[in-house]
Amino acid sequence: MKPLRLSFFLLACFICPAIASAGGKIVIGQSVELSGQATGKENREGAQLYFDALNRQGGIHGKSIELISYDDKRDPALTKENTLKLINEDHAIALFGYRSTPTIEAILPLLAKYAIPLIAPFSGAQSLHQPPHAQVFNLRASYQDEAAKMVASLADLKISKLAILHQDDSFGKDGLNGFVSNLEKRNMRAAVIARYDRKEMKVDTAVASIAATSPQAVLMACTPAACADFIRQMQKLGQRPQFLMLSNVNSDDFFKSLGAEGRGIGVMQVMPYPRDIGIPVVKELQKALRSSKSPPPLSYAVLEGYVAAKLMAEALRRAGNNPDSKKLLQALESMRDVDLGGVEVSYGPKDHDGSHFVELTIVGKNGVILR
């Protein structure tokens, strides 16, 4: 009977993704856009930089961390396909660093079905924050937090002639709701609200309707490519309002792609300034970049990925020698006021927000971010 019991146990380990990882490694799964816009790629590069360094030091409780990433092209259907593969074939005990609101929302039922945690999604969607999802543990602040800071900054500058540009999907509508609700709190309103189709990515009509009002500022909830196209078209018309964008556009490629046209635009940030070596995690990241043979850029997106990997590792340490999905969920909900090197996060059974840090930055010459 003993060999039979052993065989049954090994079979169970193979079938169930929540059983502790074997073979001296812990598998973490990710579905993210890697073939298109650069932000997801930079997030992943920052995370991998940390995991590589950690593995060289012996990993977690003697086990190395393997991050398996699949390209989902920001397609929700492909994201679901990738997620099922990560759970059922790769036997990931946690999902990590997914990006794009519609794709993340598409896999929420799978998180509940398999009772597997999603840690540090790179989205500030309100749907991931309130009400709290049992399996979702956010690292970054919400887009609602960002919108509040954005509107407050405009109110302080006495800017009142506003326009809103948003993508016509759950991400764009989340940003729109944040802008409108925070404007209403200050008895402010947008002169025009324009949208564009997520699939077509054409902003021409939105440019025409917004330019007609000659706004002082434009609040923007758009993907990097659409944001860049909108800014260029507005400037060709001689319109140079204060462009303000949510943190989803953060990538080195995005800022460089705008060139001189990007100077002066405002971008919300949910991570500390990546050049401030007075912040321990920033100093740590810069050291890791210098040690890398092919380092990614020193960007907010890379820093966010690096910090997310530190969060993942800390949760795994607390999950014990043989971590599984259930132990990881319990470990995360016990993490109170954890300092990841200048970025503090806190969770509880009814609080999966992580951090509420938000600040507004301005793009300077050659795409360099100024605070």
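Trainee: What makes the link of cysteine 222 to cysteine 227 a disulfide?

Mentor: A disulfide is a pair of cysteine sulfur atoms within 2.5 Å. The S to S distance between cysteine 222 and cysteine 227 is 1.9 Å, so the pair meets the definition. This is a predicted model, in which local features need pLDDT of at least 70 and side-chain atom pairs count only at pLDDT 80 or more, while totals for chains, interfaces and linings use all residues. Residues are numbered from 1 along each chain as its sequence is written, and side-chain values use heavy atoms, with hydrogens and water left out.

Trainee: How many disulfides does the structure hold, and which hand does the link of cysteine 222 and cysteine 227 have?

Mentor: The structure holds one disulfide. The link of cysteine 222 and cysteine 227 is right-handed, with 100° about the S-S bond.

Trainee: What makes arginine 74 and glutamate 33 a link between distant parts of the chain?

Mentor: Arginine 74 is in the loop between β2 (64-71) and α3 (76-88), glutamate 33 is in the loop between β1 (25-32) and α2 (38-56), and the two are 41 residues apart. Helices (H or I, at least four residues) and strands (E, at least two) are DSSP runs, numbered from the N terminus. Arginine 74 is buried at 16%, and glutamate 33 is buried at 13%.

Trainee: Why is the pair of lysine 73 and aspartate 71 called a salt bridge?

Mentor: The closest N and O atoms of lysine 73 and aspartate 71 are 3.8 Å apart, so they fall within the limit. Lysine 73 counts as exposed at 54%, whereas aspartate 71 is partly exposed at 22%.

Trainee: How far apart along helix α12 are arginine 317 and glutamate 314?

Mentor: Arginine 317 and glutamate 314 are three residues apart in helix α12 (residues 300-318), so about one helical turn separates them. Their closest N and O atoms are 3.4 Å apart, and they form a salt bridge. Arginine 317 is partly exposed at 35%, while glutamate 314 is buried at 19%.

Trainee: What makes the pair of arginine 99 and asparagine 43 a polar contact?

Mentor: A polar contact is a pair of N or O atoms within 3.5 Å; within protein, one must be able to donate a hydrogen and the other to accept it, and residues adjacent in sequence count only if both atoms are side-chain atoms. The side chains of arginine 99 and asparagine 43 make such a contact at 3.3 Å. The side chain of arginine 99 also reaches the backbone oxygen of phenylalanine 122 at 3.5 Å.

Trainee: Why is the aromatic pair of phenylalanine 137 and tyrosine 347 called edge-to-face?

Mentor: Rings of Phe, Tyr and Trp (its six-membered ring) pair if their centres lie within 6.5 Å; planes under 30 degrees apart count as stacked, over 60 as edge-to-face and the rest as tilted. By this rule the count comes to eight aromatic pairs. Tyrosine 50 and phenylalanine 51 are one of them, edge-to-face at 6.4 Å centre to centre and 65° between the planes. Phenylalanine 137 and tyrosine 347 have 5.5 Å centre to centre and 85° between the planes, so their pair is edge-to-face. Phenylalanine 137 lies in strand β5 (residues 136-137) and tyrosine 347 in strand β12 (residues 344-348), so the pair ties together parts 210 residues apart in sequence.

Terms used:
Buried means under 20% relative accessible area, exposed over 50%, partly exposed in between (1.4 Å probe, protein chains only). A salt bridge is a side-chain nitrogen of Lys or Arg within 4 Å of a carboxyl oxygen of Asp or Glu.
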